[in-house]
Amino acid sequence: MAAVVARMQQCLDRLGPAQHGHRAFLSTYLRTTVAVGEAIGRGVFEDSTWVEAWDVAFADLYFDALDADATAGERVPLPWRLALGAPPDLPPLRHVLLGINAHINYDLPQALLAVIDDRDFADPVVMERRRRDHERIDAVLRARVGAENEELVAQSGGTLLDRVLQPVNHRASGRFLRMARRKVWHNALELQRARLTGPEAYAVRLRELEALSAARIDDLLAPGPVLLRLGINGSGILLPPVR
């Protein structure tokens, strides 16, 4: 975790003035990663070793997307391509939501599969422990919502309406994050079924997850109070059952 935080800070330090949009997401991600690390240190999780390995695998997918974006010829997953290539004049909140969409909806189910092997998936006791720790991560993130919303309002020079809506936005943010994580667990189980079938089946399902995650972009960029809309409609995606 310490190495992940250090690398995030290095990436943040390298961002130029024109990349202030991505800075908003990375700053948020850095602070939440520190919060998860502190929760691990406090013994919040049932299996701290597993949670740390999971968080590192999760961050590695983000770093892979950054590296691919910086390297000509390498394919960047579509949700990340849209997030990293978003217009820089978007409000900081929109940039954060684009990053969250790519990282939670697309990366997180893959990160779960990276640290839960086939034997673990077949063990109900282990899977229930993993699911509970997955939900504990959600609690850590919800505890950060208020501070992160205030940070984004400050960055964007928030209007009076922004200030008035803050308590509502806090509740909406916590709700859509919780909804998204429940869907992530479902999607991880769907990817696991495909993984058991074979590499080709897994690749098909992963492309489907990529397309569904990318399709969320229009809703995230639509005019209006985006946090309230996500609080009502949710921000996650669900892989449908294989026909």
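Student: Which exposed residues does the face of α1 turned away from its buried side carry?
Tutor: That face carries Ala2, Ala3, Asp13 and Arg14. Exposed means a relative accessible area over 50%, buried means under 20%, and partly exposed is in between (1.4 Å probe, protein chains only). The model is predicted, so local features need pLDDT of at least 70 and side-chain atom pairs count only at pLDDT 80 or more, whereas totals for chains, interfaces and linings use all residues. Residues are numbered from 1 along each chain as its sequence is written, and side-chain values use heavy atoms, with hydrogens and water left out.

Student: Which residues of α1 are buried?
Tutor: Val4, Met8, Cys11 and Leu12 are the buried residues of α1. They lie on the same side of α1, because they cover an arc of only 100° around the axis. The arc is taken from the directions that run from the helix axis to the C-beta atoms.

Student: What do the buried residues of α1 pack against?
Tutor: They pack against α2 (20–41) and α3. Contact here means heavy atoms within 4.5 Å.

Student: How many helices and strands does the protein have?
Tutor: The protein has 11 helices and zero strands. Both are DSSP runs numbered from the N terminus: a helix is H or I over at least four residues, a strand is E over at least two.

Student: How do you know what span to expect for helix α9?
Tutor: The expected span is 1.5 Å times one less than the number of residues. Helix α9 (residues 199–214) has 16 residues and should therefore span 22 Å; its end C-alpha atoms are 22 Å apart, which agrees. Helix α1 (residues 2–14), with 13 residues, reaches 19 Å from its first C-alpha to its last, close to the expected 18 Å.

Student: What makes a set of residues a nonpolar core?
Tutor: The members must be buried Ala, Val, Leu, Ile, Met, Phe, Trp, Tyr or Cys residues, joined through side-chain atoms within 4.5 Å. The largest such core has 62 residues, and those with the most contacts inside it are Met8, Trp54, Tyr62, Trp80, Leu112 and Ile116. Its largest share, 11 residues, comes from helix α3 (residues 48–70).

Student: Which residues does Trp80 touch, not counting residues up to four places away in sequence?
Tutor: Trp80 touches Phe25, Tyr62, Ala65, Gly85, Gly99, Ala102, His103 and Asp107.

Student: Why is Pro79 called buried?
Tutor: Its relative accessible area is 0%, which is below the cut-off, so Pro79 counts as buried. Pro79 lies in helix α4 (residues 78–84). Leaving aside neighbours within four places in sequence, Pro79 is in contact with Asn101, Ala102, Tyr106, Glu210, Ser213 and Ala214. Of these, Glu210, Ser213 and Ala214 are among the buried residues of α9.

Student: Why does Asn187 count as buried?
Tutor: Asn187 is at 1% relative accessibility, under the cut-off, and therefore counts as buried. Asn187 is found in helix α8 (residues 160–197). Beyond four places in sequence, Asn187 is in contact with Pro109, Leu209, Ile237, Leu238 and Leu239.

Student: What does the side chain of Asn187 reach at 2.8 Å?
Tutor: It reaches the backbone nitrogen of Leu239. A polar contact is a pair of N or O atoms within 3.5 Å; within protein, one must be able to donate a hydrogen and the other to accept it, and residues adjacent in sequence count only if both atoms are side-chain atoms. At 2.8 Å, the distance is within that limit.
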